[in-house]
Amino acid sequence: MKRVIDIGLLQSQSGHYAALSRVVSAGVLQGVAEVNASPAFDLAFNVHARDPECRAERYAPLCRQILRETPARHIFGCVTSSSRKDVIPELERHDGILWYPLPYEGFEASERVAYMHSCPNQHLLPLLDWAIPTLGPRGYLIGSNYIWGWEIAQIARERITGAGGLVMGDRYLATGDTEADHIIAEIEALRPDFILNSLIGDSSYSFMRQLAGLRAQSGAALPVLSCNFTEVEIDSCGGAAEGLVSAGPWFEPTDDQGDRRRGSLAEMARLAVHELAQLLHGRPGAGDLSLAELTQLALAAGQPLRLDPTHFHARQPVVIAQIQGGRFHEVLRHPPRTADPYLTGRERGLTLRPPLRVVS
Amino acid sequence: MTRIRTENLGEALAFVLHRPHPAIQALIRQLSVIGLEVREVWPELPAEAISADFIFYDADSGHDAQFPWAAGASPMPMIALIGSEAPGRLAWALTMGAHGQLLKPATDKGVYAALLVARANFDRARASEAQIADLEDRLSARQTVVQAVMIFVLRGKSEAEAYEILRQTAMAWRVTIETAARQLVANHNAERAPDERRRTDIS
C-alpha cells in the first residue's frame with residue numbers, strides 16, 4: 001500500500017506562454033503517473049493544480065492557496081523568473097518548496113527552491129563559447145523585457161566582449177509583444193554574425209517568422225541562438241525556426257519514432273517528480289523536511305542526486321543542438337557539470353575562460 | 001582571465017565576527033553558495049583578518065576593541081549585522097564604518113546585494129579619499145609655487161619674470177614646476193637660516 005503525498009501544480013493552461021507551461025504540466029503529470037505506477041516507490045503523488053493563466057499577479061495568491069488550503073508542501077510551478085521570485089515569500093511564510101524545471105539567469109539560491117533545469121554556466125556560456133569561433137564575433141541581443149532577457153544579455157555582453165567580440169545591438173520587447181519591425185530593420189542594416197534570442201512565447205515565434213522573411217529576402221545567414229527555445233515551440237514558428245541553435249541539458253532523441261515534442265522543460269519536470277519521489281521514498285514523515293535535510297539524508301544514504309546539496313541546483317550535461325528538418329540535432333555535448341549560479345567559478349576552466357580569443 | 005559578473009567574489013575571503021548563533025546560519029550558507037571562503041570568529045578579529053575581502057560584524061554586541069584597526073579605518077568593506085535597530089547600536093555600527101548592512105535573523109536574501117553594495121561604497125569612499133589627498137597635495141604645491149615666485153620678486157623681478165625663471169629652472173632641472181619650486185624654497189630657507197636677522201619671511 002503506497003502512502004499518498006500531496007503535491008501542488010502551479011502552471012498556466014492559457015495565456016501567452018501557455019505553450020511552455022502546458023508542456024511543463026504534461027511532464028509533471030507523466031512523472032506522477034510513472035511514480036504512482038512504479039513498485040519501486042512506497043509512495044504515490046496526489047496533484048492539486050492551480051492555473052495562473054500566465055498572469056504575473058496570480059502566482060503568489062495561488063501558491064499561498066495551495067499551501068494553506070491543501071496538504072501539499074511541494075509545488076511544481078512557475079515558468080518566468082518574475083513569477084518564481086513572486087512565490088518565494090509565500091514559500092517562506094507557509095513552509096513550501098518550489099520545484100522549478102526551466103532554464104534561468106542565475107544569481108539566486110533560495111533554500112526553498114529546487115532549480116531543476118540549468119543556469120548560465122550550463123547553457124549560455126557554453127553556447128557562446130561554441131558560437132563565437134564558429135559563427136563570428138559580432139552578436140546582436142534581443143530578449144523579453146524582464147529579468148531573464150536583461151540578465152542573459154548582460155552576461156552575454158561580458159562574454160562576447162571578453163572574447164574580443166562586439167555587441168552590435170541590444171533590444172527588448174514587452175512579453176507578448178509581437179511588433180518587431182524596427183528590430184528587423186536594424187538587423188538588416190547591421191548584419192550580425194549571430195542573434196541571441198531570449199524572447200519568450202509569442203514574441204519569439206513572431207520574431208522568428210519576421211527574421212525568416214528577412215533571410216529569404218536578403219540572402220543573409222543571420223543564425224539565431226537561444227537558451228530557452230525548445231522542441232515544443234518549433235511548430236509555433238511555422239518552419240521559421242529552421243537552423244536555430246539552442247543549448248540545454250536534454251533534447252528529444254532524433255531516433256525517437258514518436259513525434260511527442262516534449263523538450264527539456266517536460267523532461268526536467270518529469271525528472272523533478274522522480275527526484276522528489278527518491279528523496280521521500282522509504283522515509284515516512286520526510287514530507288515535512290526541508291530541502292537541506294532531504295538532500296543530506298539522501299547523501300548520507302549514498303543515493304545518487306541530481307540536486308547539489310549546497311545550492312539545490314541540478315548538475316546537468318550541456319548539449320548544443322540545431323534545428324534541421326524540424327527537429328533538434330546534437331552539435332556538441334559536454335559532460336555533466338555542477339551549476340555555478342553566481343558565476344564565481346567552481347569549475348574555473350570550464351566556466352570562466354573563453355576557449356579562444358577572437359583577434360580579428 | 002575573463003571574469004563574468006563575479007565582481008571578483010569567487011574565492012573572496014569573508015570574516016564573520018559574530019558569536020555562533022542560528023540567526024546567522026543562513027548568511028554563512030549563502031556566502032558559501034555565492035563562492036566565498038567564510039571564517040567565523042568571536043570574540044575578536046584576528047590580525048590576519050586584515051587580508052580579508054569582506055568583514056561582517058555584529059552590531060548588537062560589538063565594541064571597538066574587537067577590530068585590529070581604528071574605528072572607520074577598515075582596509076576592506078564592512079557589513080553590519082543588525083538585530084536591534086536602536087539608535088545607540090546603529091551609531092556604533094556606523095562609527096565602525098559600515099559600507100553595507102544585513103538584518104538579523106539573516107536569510108538567503110540580500111546577501112549578494114549587500115556584498116556588491118558594500119564593495120561599491122567602499123571603493124567610492126576610497127576613491128574620494130585619494131582624490132582629497134591629491135587635491136590637498138596640489139593645494140600645498142600651489143602655495144610653494146607662490147613662495148618661489150616671491151623669492152624672485154623680492155630680488156627685484158616682476159611677477160611675470162619670476163614665473164618665467166621658475167619655468168626655465170624646472171626645464172633645466174627636468175622636473176615639474178612644483179618640484180622646482182619646492183627645491184628653490186628649500187634652498188632659499190637654507191641660505192637664510194644661519195642669519196635670522198636677515199631672514200625674509202616669505203611664507
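Which elements of chain A cover the buried residues of α5(A)? In this predicted model, the cover of those residues includes the helices α3 (81-93) and α4 (124-135), together with the strands β6 (138-144), β7 (166-173) and β8 (194-198) of chain A. The residues of α5(A) that are buried are Trp148(A), Gly149(A), Glu151(A), Ile152(A), Ala153(A), Ile155(A), Ala156(A), Arg159(A) and Ile160(A). An α-helix has 3.6 residues a turn, so residues three or four places apart point the same way. The helix itself, built from the 16 residues 147-162 of chain A, reaches 22 Å from its first C-alpha to its last, which is close to the 22 Å expected at 1.5 Å a residue. After α5(A) comes Gly164(A), a residue whose phi is positive, near 85°.

On the scale of the whole chain, chain A is divided into domain 1, comprising 3-118 + 263-300, and domain 2, comprising 121-255 + 317-351. The centres of domain 1 and domain 2 of chain A, taken over C-alpha atoms, are separated by 27 Å. Contact between the two domains of chain A involves 23 residues of domain 1 and 28 residues of domain 2. On the side of domain 1 of chain A that touches domain 2 of chain A, the elements giving two or more residues are α1 (18-37), α3 and α8 (263-280) of chain A, and the most is given by α8(A), with five residues.

Methods:
Residues numbered from 1 in each chain as written. Chains lettered and ligands numbered in written order. Predicted model: local features only at pLDDT ≥ 70, side-chain atom pairs only at ≥ 80, totals over all residues. Helix = DSSP H or I, 4+ residues; strand = E, 2+ residues; numbered from the N terminus. Expected span 1.5 Å × (residues − 1). Buried ≥ 20, exposed ≤ 12 C-beta atoms within 10 Å, placed from the backbone. Contact = placed C-beta atoms within 7 Å. Domains from an automatic or database assignment.
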